[in-house]
Amino acid sequence: MTSLSRGRAATIGLLAAGSALAVGHLVAGFGDPRTSPPVAVGGAFIDLVPPGLKEFAVAVFGTADKLALIVGMALVIAALAVVAGLSSRRSVLPGALLIGAFGLVGVVAAVSRPEGGPLPSLAAGAVGVGVFAWLHRAGRAPVATEIDRRRFLATSGLVVVGAGLAGIGGSSLSKGSGVTASREAVAGRLPNVPPPPIPAGADFVADGTPTFLTTNRDFYRIDTALVVPQLRAENWRLRLHGMVDRELDLSFTDLINRRLESRTITLACVSNEVGGNLISTAHFVGVPVRDLLLEAGVRPGAQQLLTTSTDGYTAGTPVDVLLEPDRGALLAFEMNGEPLPAKHGFPVRMVVPGLYGYVSATKWLVDAEVTTFDRRAYWQQRGWAQQGPIKTQSRIDRPQRAAQLQAGPVTVAGIAWAQHTGIDAVQVRVDGGPWQAAELATEVGRDTWRMWRARLDLAPGEHVVQCRAVDRTGTPQTEARQGVVPDGATGLHETTFRCT
Ligand SMILES: Nc1nc2c(c(=O)[nH]1)N[C@H]1C(S)=C(S)[C@@H](COP(=O)(O)O)O[C@H]1N2
Ligand SMILES: [Mo]
């Protein structure tokens, strides 16, 4: 018996793994794209990440980190595939077993996820083992001749082409899920609910603040979904049930034909570090959650509305907050004049002014259950606080850290927020000196951020500027530093720069 060269062995492992993934992707494409093996494994991984570690939590919450997870998984898969190949230089068995085991990991991950669907992983495992055995045979001729070399190349070539076709087929099937068409159809029949006007002077863009409204494209995105869930409005239904007198069961048409409200709301993420950018503002149109709760009749003893996304994510929102007459919580279907973008929860999500997204802003909403706090939602199961009111905060947008400026008059500008309470003042402090009042931009509402700027006269040298928001009750934001876990970061934002 000859043994395979290292290069060949590694190639066989990689090709078998690649074919397995491609076929898994293809099979998933016929059903739910989220059952594609690496997506299922990645999803299960996100669910399993241990709570507590702040960095880890941010990684799970964060968007750029999704790419990191995908790249990381690709590297791990490639490394394991090479190991499978190298362990099989003599006998086909060890590598084939290893590849089969990956398939099994996919199956286990898939059944642990709400979308289920072990089939793609089963198919991937079977194809991976088959291709591995086939290439192994082709690669292991008794004597290494030119003919044998060609046969191995030809077999490998076939595998590459087959896997490529399967992969492309899978991708095009997954794209055809109809959400784009559904959004376009919805756009044509959304009732016209004009947004509240944004007064002039609501931002200080020329001085470095963000625009008052964030475009849908720039709106921050945070969720645990590795692949954006694909829900069509035509198929959408929402059941409002649990501790209620009358269950409601609504279609998308039922929803948009109810009494609607348009509101401008600044959404913020509990994982926003001091000075971070996980905060954005948009117009939302939707049905007041309060109307639905009143119609259903909330029973005594009810504590939270547990909302569930199509991908199994859950959030628990206090019922008494949702029932406040002027809270303005919405089941929203429109964002900045368009149907919700797929990434922001199409067709329907919840938004609640004044609460962090993790306790209120469920996207791809499919179920709403009135219940008690004993039922713990996704992030509560992972150590985050039950209640998530947004904390009063402020941020300096300009000058940026380490900027080099001319000494003399310098404009500092930024944002402040205390959703559902409102901002009454922002103060700035230079080099630990006294607090001085900043100029506030025109107020749009208490549920949105408020821009500010201050003109300072600075001598040459290094300077530290800090800012502090004061809310409508007259309470300044706390200076106590706290990380994002378990209920949102606090502390003063500061920027250090140099004047010459
Ligand atoms: N289905 C689903 N909805 C979700 C989440 C999620 O992971 N899955 N994350 C929540 C969190 S933590 C935040 S901050 C907001 C962010 O909404 P956005 O991505 O539209 O900005 O969505 C909330 N809704
Ligand atoms: Mo969040």
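Predicted model: local features only at pLDDT ≥ 70, side-chain atom pairs only at ≥ 80, totals over all residues.
Q: How many residues surround ligand 1, and which are the closest?
A: The shell around ligand 1 holds 20 residues. Among these, the closest are Tyr220, Thr224, His344, Arg349 and Lys363.

Q: Which residue places a polar side-chain atom 2.5 Å from an oxygen atom of ligand 1?
A: Polar contacts to ligand 1 come from both backbone and side-chain atoms. A polar backbone atom of tyrosine 220 is 2.6 Å from an oxygen atom of the ligand, and a backbone N or O atom of alanine 361 is 2.9 Å from a nitrogen atom of the ligand. The side-chain atom asked for belongs to lysine 363.

Q: What share of the area that ligand 1 exposes when taken alone does the protein bury?
A: Taken alone, ligand 1 exposes 530 Å². The share of this area that the protein buries is 100%.

Q: Which strands stand at the edges of the open sheet of four strands, and why is one side of each left without a neighbour?
A: The four strands follow the order S11-S13-S17-S16, and their pairing is antiparallel. Each edge strand has a single partner strand, so one of its sides has no neighbour in the sheet. The edge strands are S11 and S16.

Q: Over how many bridges do strand S13 and strand S17 pair?
A: Strand S13 covers residues 408-417 and strand S17 covers residues 450-458. One of their bridges joins alanine 416 to arginine 450 in S17. The two strands run in the antiparallel sense, and the number of bridges is nine.

Q: What is the bridge partner of leucine 440 in S17?
A: Strand S16, residues 439-440, pairs with S17 in the antiparallel sense over two bridges. Within this pair, glutamate 439 stands opposite arginine 453. The bridge partner of leucine 440 is tryptophan 452.

Q: Which strands are the edge strands of the open sheet formed by five strands?
A: This sheet has the order S12-S19-S18-S14-S15, with mixed pairing. An edge strand here pairs on one side only. The two edge strands are S12 (404-405) and S15 (436-437).

Q: Where does proline 399 lie?
A: The peptide bond from arginine 398 to proline 399 is cis, with omega near 0°. Most peptide bonds are trans. Proline 399 lies in the loop between strand S11 (393-398) and S12.

Q: What is the omega of the cis peptide bond that joins valine 485 and proline 486?
A: Proline 486 is found in the loop between strand S18 (461-471) and S19. The bond that joins valine 485 to this proline is cis, and its omega is about 5°.

Q: What is the phi of asparagine 336?
A: Asparagine 336 lies in the loop between strand S7 (330-335) and strand S8 (338-339). Most residues other than glycine have a negative phi. Asparagine 336 is not a glycine, yet its phi is positive, at about 50°.

Methods:
Residues numbered from 1 in each chain as written. Chains lettered and ligands numbered in written order. Heavy atoms only, no water. Near = heavy atom within 4 Å. Polar contact = N/O pair within 3.5 Å; in protein donor to acceptor, adjacent residues only side chain to side chain. Areas by Shrake-Rupley, 256 points an atom, 1.4 Å probe, with all protein chains shown as cover. Pairing = 2+ DSSP bridges.
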